Amino acid sequence: SYFKRGDTGRLLNRFTIDANTMATVATEVITVLVRESIAIVALIAVLFYMSWQLTLIVFIMLPISFITARIVALRLKKINRDTINMNAEMVRVVSETIEGERVVKLFNGYEHETERFVYVNGRLRRFAMRAATANAALSPITQFFISLAVAGVVAMALYQSSVDGLTVGSFAAFLGALAQLFDPIRRLTGMAGTTQRMLVAAESVFSLIDAEVEPEGAKTALPTPVKGNVEYRQVTHAFDGSDNPVVNNLSFSAKSGQTIALVGRSGSGKTTLANMLPRFIVPDSGQVLIDGIDIQDLDLRTLRAQISMVSQDVVLFEGSIRDNVAYGGYSGKTDEEVWAALEAASLADFVRSLPEGLNAPVGEKANMLSGGQRQRLAIARALIKDSPILILDEATSALDNESEWQIQNALDKLMENRTTLVIAHRLTTIQNANSILVLEKGQIAEQGTHQELLNLGGMYASLYNMEFTEKADGEQ
Ligand SMILES: Nc1ncnc2c1ncn2[C@@H]1O[C@H](COP(=O)(O)OP(=O)(O)O)[C@@H](O)[C@H]1O
Ligand SMILES: [Mg+2]
């Protein structure tokens with residue numbers, strides 16, 4: 001396909017090019033703003049000094065002519081409004097891609113998102129052309145009214161010359177100063193529209209520029225079929241600018257099909273550890289292996305094809321339910337497969353109740369769906385991908401008890417026959433894990449099954465008892 005290597009880079013490049021244009025415009029705008037404002041204030045002072053009567057006339061006539069021009073401009077406003085809407089659309093495509101970065105990467109959505117961006121951008125460009133044409137038409141109209149204002153000034157000057165004896169010389173000087181005033185005003189008003197539109201889009205685009213292009217790995221193949229044995233070997237990682245490693249010389253392994261739970265206080269490094277598996281984070285030292293092969297030696301696409309993820313913040317993209325379940329590289333799945341996934345995620349009944357069914361739009365920011373429904377949609381997405389390895393990062397933390405129970409059912413189905421790394425903030429959800437790792441200060445403080453850790457009477461046991469008490473209190 002067109003996107004073979006450095007897909008993310010290509011995507012980012014597109015945004016960067018647009019962002020550069022915006023940066024140039026922004027700098028120019030600020031310069032013009034300061035320079036022209038100073039010029040205007042100074043010129044007005046000079047005008048008042050020369051003849052306050054003439055100046056008053058000018059300042060009565062000018063607003064009238066501008067208001068008239070404005071009325072004409074309103075007719076052309078619809079075009080501008082369309083442009084702004086298109087801008088909002090583009091910003092949404094860009095920001096969805098940023099927020100959904102991990103989903104785009106894991107579900108191979110590069111091509112899909114780039115296409116969308118290019119499409120929206122193309123439409124935006126056409127609208128911008130129309131707006132430019134409209135602006136060009138507006139200019140002669142404005143100037144006609146400015147001429148009217150000048151005529152008024154001349155009339156006043158004629159009157160003054162007969163009454164006060166205004167000389168030709170001082171009138172010429174006045175007109176000279178007045179003429180100088182028009183240019184800065186025109187430049188200022190001409191600036192307003194474009195500036196606003198550019199700045200809106202710029203904000204969202206700039207945040208992407210800092211992202212680095214992901215390095216491709218070597219092209220070692222995974223032995224097929226992929227079994228999904230996962231091993232972390234003496235992994236250490238500190239984030240930039242920190243001396244304290246978040247993960248410190250940590251090792252563990254999960255056999256194919258096993259569930260390993262990561263438990264620990266917020267900030268103990270659980271997400272960091274999970275993010276190493278799809279190489280969202282590359283550890284400073286140590287290795288992560290899948291079926292005995294260092295993931296650093298796999299190319300990203302092969303690696304990420306093996307991993308699904310359901311996390312606390314469900315990312316849904318603009319589009320239909322079907323688009324979101326069979327997302328990105330999985331859009332070729334049949335309706336039957338999508339329905340089967342929805343069924344397993346206990347979402348099929350809900351989708352059937354919608355008039356548009358699979359084609360129902362999830363709506364902007366997915367406000368049509370409840371938290372639990374969004375979560376189940378993410379589970380259906382992971383089911384469609386059907387990968388041997390699964391990451392659940394606090395997948396049930398945003399839910400109330402009832403939807404949590406429903407989700408847990410869907411998750412149990414999803415976890416069947418997959419190697420699963422589960423991070424749960426409620427310990428009741430991980431009792432069946434093959435092994436539970438309690439993380440503290442970047443290391444494994446305790447390790448064992450639920451029962452073993454309870455018997456140990458350490459940190460896990462006290463966390464568990466605390467939660468159990470809280471829960472009992474909450475239900476009374
Ligand atoms: N991208 C990052 N840059 C810098 N620090 C980070 C980053 N991600 C996480 N951290 C820090 O690393 C620590 C562990 O974070 P995390 O792995 O998210 O913990 P957990 O998932 O257990 O709550 C926290 O102190 C967090 O602030
Ligand atoms: Mg976390």
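Two strands pair if DSSP finds at least two bridges between them. Keep that in mind for these close-ups, which come from a predicted model.

**View 1. Now zoom in on strand 3 and strand 9, which pair in the parallel sense.** Strand 3 covers residues 259–263 and strand 9 covers residues 435–440, and four bridges link the two. Look for I260: opposite it, in strand 9, stands S435.

**View 2. Helix 10 has a buried face.** This helix runs over residues 335–344, and V338, A341, L342 and A344 are buried in it. Look down the helix axis and the buried residues fall within an arc of 165°, so they line one face. Just past the end of helix 10, S346 takes a positive phi of about 50°.

**View 3. Last stop: the largest cavity, with about 80 Å³ of space inside.** A search of the whole structure turns up four cavities of 30 Å³ or more. The lining of the largest one is made up of eight nonpolar residues, three polar and one charged. Among them are L392, E394, Q408 and I430. Helix 13 (401–415) gives the most, with three residues, and strand 8 (419–423) supplies at least two.

Conventions. Residues numbered from 1 in each chain as written. Chains lettered and ligands numbered in written order. Predicted model: local features only at pLDDT ≥ 70, side-chain atom pairs only at ≥ 80, totals over all residues. Heavy atoms only, no water. Buried < 20%, exposed > 50% of the residue type's maximum accessible area, 1.4 Å probe, protein only. Arc of directions from axis to C-beta. 1 Å grid on protein atoms, 1.4 Å probe; cavity = no way out; pocket = protein on both sides within 12 Å on 5 of 7 lines; lining within 4 Å. Points joined across faces, edges and corners; volume = space filled by probe spheres on them. Nonpolar A, V, L, I, M, F, W, Y, C, P; charged D, E, K, R; others polar.
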